[in-house]
Amino acid sequence: SWDRVGAEEMYPISNSCGQLGQSYQDYHCSEEDKHMECEVDPQMTITAVTNAKWWGAPGPLKCGPKSLYPQTGYWDYLFTCDNKWADPPLVCDAYEGQIGGAANNDRPYPNAGGRTDVEGCCWWGRGVIQTSGVCNFGKLNYFLGKRAADEGRESRYPNIDFCRDPEAICSSEEHKELK
């Protein structure tokens with residue numbers, strides 16, 4: 001997450017849906033390639049396994065249904081989370097290596113595209129080439145993933161369904177080259 005927006009110039013939690021006014025779940029394929037596209041699953045729930053670590057860096061991107069995240073706020077990069085003198089004491093525990101910042105979900109805070117939820121928003125960029133969107137993940141699955149294997153084509157990653165688990169690009173221990 002790197003797109004700070006709004007009057008307070010904070011990082012919207014809904015940046016997982018898209019930044020700079022984009023919507024990753026709406027990165028559709030052309031009509032001739034539409035058959036390769038991943039379907040958006042509104043129940044899919046993922047928390048990224050990687051994120052930046054600078055002071056105040058936003059927590060990992062996440063997605064999930066409105067039943068789990070009815071609204072999302074913002075990441076307050078100015079918040080001091082490591083304050084042993086506060087009552088109660090504050091600690092930085094949103095992610096490993098955190099040294100500042102905190103999520104604030106007290107009120108909806110839209111991203112540049114107007115989203116205040118993260119439902120169906122599991123298509124953010126991952127890996128060295130920042131694969132993003134339902135078309136690109138679908139093509140990856142169609143040509144190199146589980147779908148290729150299921151349909152009888154040669155597959156480099158026959159056990160990875162990039163449409164069901166796009167986070168596999170970053171989380172696979174077996175195929176670290178994906179990252």
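Visitor: Which cysteine does a disulfide join to Cys29?

Guide: A disulfide is a covalent bond between the sulfur atoms of two cysteines. In this predicted model, Cys29 is joined to Cys135, with an S to S distance of 2.1 Å. The pair links distant parts of the chain: Cys29 lies in the loop between strand E1 (11-12) and strand E2 (46-47), while Cys135 belongs to helix H1 (residues 133-144), 106 residues apart.

Visitor: What is the handedness of the disulfide of Cys29 and Cys135?

Guide: The torsion about its S-S bond is about 105°, so this disulfide is right-handed. By contrast, the link of Cys38 and Cys163 has -80° about the S-S bond and is left-handed. Cys38 is in the loop between E1 and E2, and Cys163 is in the loop between helix H2 (146-150) and helix H3 (168-171), 125 residues apart.

Visitor: Is Cys63 buried or exposed?

Guide: Residues under 20% relative accessible area count as buried. Cys63 has 0% relative accessibility, so the residue is buried. Its disulfide partner is Cys122, at an S to S distance of 1.9 Å; Cys122, at 1% relative accessibility, is likewise buried.

Visitor: How many disulfides does the structure hold, and how are the bonded cysteines paired?

Guide: The structure holds five disulfides. With the bonded cysteines of the protein chain numbered in sequence order, the pairing reads 1-7, 2-9, 3-10, 4-8, 5-6.

Visitor: Which cysteine is in no disulfide?

Guide: That residue is Cys170; the nearest cysteine sulfur, belonging to Cys63, is 13 Å away. Cys170 counts as buried, at 13% relative accessibility.

Technical notes: Residues numbered from 1 in each chain as written. Predicted model: local features only at pLDDT ≥ 70, side-chain atom pairs only at ≥ 80, totals over all residues. Heavy atoms only, no water. Disulfide = S-S within 2.5 Å. Helix = DSSP H or I, 4+ residues; strand = E, 2+ residues; numbered from the N terminus. Buried < 20%, exposed > 50% of the residue type's maximum accessible area, 1.4 Å probe, protein only.
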